[in-house]
Amino acid sequence: MSASEENTLKDRDVVRRLTAADAAAYRAVMLDAYATHPSAFTSTVGEREGLPLSWWEKRLGAEANAMSVVYGAFDDNGVLVGAAGLSVEDRERARHKATLFGMSVMASARRAGFGRRLVQAVLDHARSHGGLRLVQLTVTEGNAAAQTLYERCGFQVFGVEPLAMAFDGGLLAKVHMWCDLEGAGRG
């Protein structure tokens, strides 16, 4: 595929804020993520698969001033292939912070730029929110692909939480990262 053809294909791909109408597709993407990459998520398929569709709809934060929103990446066929969320702190002394959560791109859509575009959409939303100064996230230690993506988007490591998550009979650490919305992470 030529660069021109690739750009045309990417122009047809869409990253947008998800609505209640996207809840079933979002649920499918996230359940796939929990099953395919269980060490990357604190939530499990078992915990989430039985939740009603209304829970997934609420998680999308459809209201204009929602404290939590989710963006989705759609391929050129209009299929949801990835998602990333942003949750804004509501406590008075922490309202300058938000957390990027639930970042996932389906295996069939990886290496097409969806991950970077999702992270950028979340950061752009955070910048437009007003009053936010930083976005933070955690990534399972050893998930080099995810950590590299976040670093390319302007995130920096600020610590490692040992024994953060029980998984497969062991305990995994979580790398804590942050992005200064007034500095890095643009573009």
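# Reading a predicted model

Author: Residues 1-11 keep a pLDDT under 50, and the model gives them 5 contacts beyond four places in sequence. This is a predicted model.

Reader: Why should residues 1-11, with pLDDT under 50, be read with care?

Author: Where pLDDT is low, the predicted coordinates should not be read in detail. Over residues 1-11 the score stays under 50. Helix 1 (residues 3-12) has the lowest mean among the elements of the chain, 45.

Reader: Which element has the highest mean pLDDT?

Author: Strand 5 (residues 134-140), with 98. The chain averages 90, and 91% of the residues score at least 70.

Reader: How do you know how many disulfides there are?

Author: A pair of cysteine sulfur atoms must lie within 2.5 Å. By this rule the count is 0. Take Cys153: its closest cysteine sulfur is in Cys179, 8.2 Å away, so the gap is too far for a bond. Cys179 is likewise in no disulfide, with the sulfur of Cys153 as its nearest, at 8.2 Å.

Reader: What makes Cys153 count as buried or exposed?

Author: The cut-off for buried is under 20% relative accessible area. Cys153 has 0%, so Cys153 is buried. Cys179 also has 0%, and therefore counts as buried.

Reader: Why is Phe167 called partly exposed?

Author: Partly exposed lies between the buried limit, under 20%, and the exposed limit, over 50%. Phe167 has a relative accessible area of 28%, so the label is partly exposed.

Reader: Where is Phe167, and what does Phe167 touch?

Author: Phe167 sits in strand 6 (residues 156-167). Leaving out residues up to four places away in sequence, Phe167 touches Pro38, Ser39 and Leu172. Val15 is 152 residues from Phe167 in sequence and 32 Å from Phe167 in space, C-alpha to C-alpha.

Reader: What makes strand 1 and strand 2 a pair?

Author: Pairing takes at least two bridges. Strand 1 (residues 14-17) and strand 2 have 4, so they pair, and they run antiparallel. Arg17 has Tyr71 in strand 2 as its bridge partner.

Reader: How do you know that strand 2 pairs with strand 3?

Author: There are 7 bridges between strand 2 and strand 3 (residues 80-88), against a need for at least two, so these strands pair. They run antiparallel. Val69 has its bridge partner, Leu86, in strand 3. The two strands form a hairpin with 5 residues between them. Gly78 in the turn has a positive phi of about 80°.

Terms used: Residues numbered from 1 in each chain as written. Predicted model: local features only at pLDDT ≥ 70, side-chain atom pairs only at ≥ 80, totals over all residues. Heavy atoms only, no water. pLDDT = per-residue confidence, 0-100. Contact = heavy atoms within 4.5 Å. Buried < 20%, exposed > 50% of the residue type's maximum accessible area, 1.4 Å probe, protein only.
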